[in-house]
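Welcome to this structure. Here are a few numbered notes to read with the model open beside you.

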Amino acid sequence: MLMTGRDYVDSIRDGRQVWIDGEPVKDVTKHPAFKPMVDVRARVYDMAHQDEHRDVMVQPADDGEDCSVSWTPPRSKEDLHAKWRWVDAVMEDIGGVVYRLGDETIGAVWSLLDGKDVLHDVDPRFTANIERHIDHAHRGDLFTVSGNTDPKGDRSRPPQEQDPDMLLHAVKETDAGIVVRGAKYETAAAYAHQAFVKPTIANWGDAKMSDYALGFMCPMGAPGLKHICRSSLATGKNPRDYPSTSKFDEIDTLLVFDDVLIPWEDVFFYQHTQAAGFIRSMLHRYSALPFVIRVLHIADLLIGAAKFNAEQTGLDKQPAVREKLAQLGAWREGIRAHVLASIELAEASAGGLMMPHQSMIYAGRIHACSGLPNMMHLARELTGGQICITPDSETFEGVETKPWMDKYYTVNDRWDAEDRRKLLAFARDLVNSDHAGHRLTFALFAQSPPFAHLNAEYMTFDFDGPKRAVKKAADLSDKVMGNR
Ligand SMILES: Cc1cc2nc3c(=O)[nH]c(=O)nc-3n(C[C@H](O)[C@H](O)[C@H](O)COP(=O)(O)OP(=O)(O)OC[C@H]3O[C@@H](n4cnc5c(N)ncnc54)[C@H](O)[C@@H]3O)c2cc1C
């Protein structure tokens, strides 16, 4: 059933325990730190009910029931294109970029379907839970987030030799399920419905069984769950001076599992390190696509701000400025090319889904994320030093200061002082604010750190083609083609 924005808001008023700035939050839907993003998420739910957006937002399930495009497991290239259109429509409607809306985390749950046979061989008790949960999120229109990262503590010591809760683990089994302790970092958890929680560990050593090897779905209002949130970046910021920060600050949470009961029917794997390691290796096979599309939208904002500023000041006539704008454009087109190619070369998965071409989308993720800091800096350079020295909106309105602001910020017939102020404020928020830095860090880490991005490419790139080329060109013998 497709939720409305109202349904969504009501559904997260479930008595969840949330704190921010050391204070308990009575209602996340009303608290100023969360309300802007709750409103954005509610707006996205409402879009599915509006005639002008319906085609892009809604996709009938097999039995004809209306479901969100975002939670529909992809079975064709067209389904992957539909996901791209969904992101484009949402970003255009909200007038900015938001990463965590669930469409770029639900893919980790679909990847369980591709691992179903392996998980079944390891421990058949939980296999049925996979399809049921995929269906539940799909039909229930559930905003699903992702919990991978534990505080971890001292990495040189196993968790048993320090506070064992540094990594999430099972502490007890009951007839009803397993009781878990530990903590995870999760963006948007405080205003989401549920999270797919799984281990951060990639290397289990020789251990075949571990209480730390567990993956499950957990509702965000589960008893014992404590959302301890970072401070809002928007507090004390005037929306006229910080247009993105004030609307799109996606609050991150330290989600403490203080003896939380996970019913057996919500468990995907338990104790078997082989299952945990296997799932970890395929976590982003679907979710990398909408994540990289987000960076494409960030690229557009960087380019738009830089180009407007260059046009405003007449600097776009300078060949050297054009070259820099072209560099931004080439980076952006590189991201688009990877996204497009990954869909056009899409691969059928073991679970019968259609996944973006793996090596191509992972290469796109590396291109997008590793290029972002440089491109952000180039946009900062092109928008000029005035973005960080321009007075705030109140100065532009002050009786005594306004005439000076009008005089020095009116550039020509097309750009009056107010539009120039707005562009400079937007650009400052995009590249220089706390929120800009936070988003840059998000792109660096949210789908695991750069070394893991490179490892994903290494594991999916087909090295045989280049090896064959060198074998032929260097006239090597057949025996060199094995892999050791
Ligand atoms: C804004 C933001 C939002 C986030 N949201 C979520 C979320 O929603 N859900 C979630 O699960 N997590 C989330 N994370 C956490 C994120 O996944 C982790 O920050 C990331 O996986 C890195 O873990 P860490 O911070 O513990 O860094 P560490 O593990 O301490 O690593 C720090 C650095 O050490 C190096 N390093 C560590 N291990 C290795 C290795 N094996 N090989 C090579 N180099 C290594 C790398 O340079 C790495 O970047 C978020 C993070 C940020 C910043």
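1. Let us begin with the second largest pocket, which holds about 300 Å³ of space. Its lining has 14 residues, and those closest to the centre are D62, P73, R75, D135 and H138. Two elements, β3 (58–60) and α7 (127–140), each give two or more residues to this lining; the largest share, five residues, comes from α7. By class, the lining of the second largest pocket has five nonpolar, three polar and six charged residues. A pocket here is an open set of points on a 1 Å grid over the protein atoms alone, with protein on both sides within 12 Å along at least five of seven lines, and lining residues have an atom within 4 Å of a point. Points are joined across faces, edges and corners, and a volume is the space filled by probe spheres set on them. For the classes, Ala, Val, Leu, Ile, Met, Phe, Trp, Tyr, Cys and Pro are nonpolar, Asp, Glu, Lys and Arg are charged, and the others, Gly among them, are polar.

2. A word on the source: this is a predicted model, in which local features need pLDDT of at least 70 and side-chain atom pairs count only at pLDDT 80 or more, while totals for chains, interfaces and linings use all residues. Residues are numbered from 1 along each chain as its sequence is written, and side-chain values use heavy atoms, with hydrogens and water left out.

3. What about enclosed space? The whole structure has eight cavities of 30 Å³ or more, a cavity being a set of points where a 1.4 Å probe fits but cannot get out. About 100 Å³ is the volume of the largest cavity; K83, D103, W110, Y286 and P290 are the closest to its centre among 14 lining residues. At least two lining residues come from each of α4 (77–94), α5 (107–114) and α10 (288–312), with α4 giving the largest share, four residues. The lining of the largest cavity divides into nine nonpolar, three polar and two charged residues.

4. Now the strands. β7 (residues 177–187) pairs in the antiparallel sense with β11 (residues 252–263) over 11 bridges, and Y185 has L254 in β11 as its bridge partner. β11 also pairs with β10 (residues 225–229), again antiparallel, over five bridges; there C229 stands opposite T253. On β7, an antiparallel pairing with β6 (residues 169–173) has four bridges, and a hairpin of three residues joins β6 to β7. Pairing requires at least two DSSP bridges between two strands.

5. Two residues deserve a look at their backbone. Most residues other than glycine have a negative phi. D21, in the loop between β1 (17–20) and β2 (23–25), has a positive phi of about 55 degrees; D141, in the loop between α7 and β5 (144–147), has a positive phi of about 60 degrees. Is each of them buried or exposed? D21 counts as exposed at 52% relative accessibility, whereas D141 counts as buried at 3%. Buried means under 20% relative accessible area and exposed over 50%, with partly exposed in between (1.4 Å probe, protein chains only).

6. Finally, the whole chain. It has 19 helices and 14 strands, which are DSSP runs (H or I, at least four residues, for helices; E, at least two, for strands) numbered from the N terminus. Of its 484 residues, 52% count as buried. Along the principal axes, the C-alpha trace spans about 75 × 70 × 50 Å.
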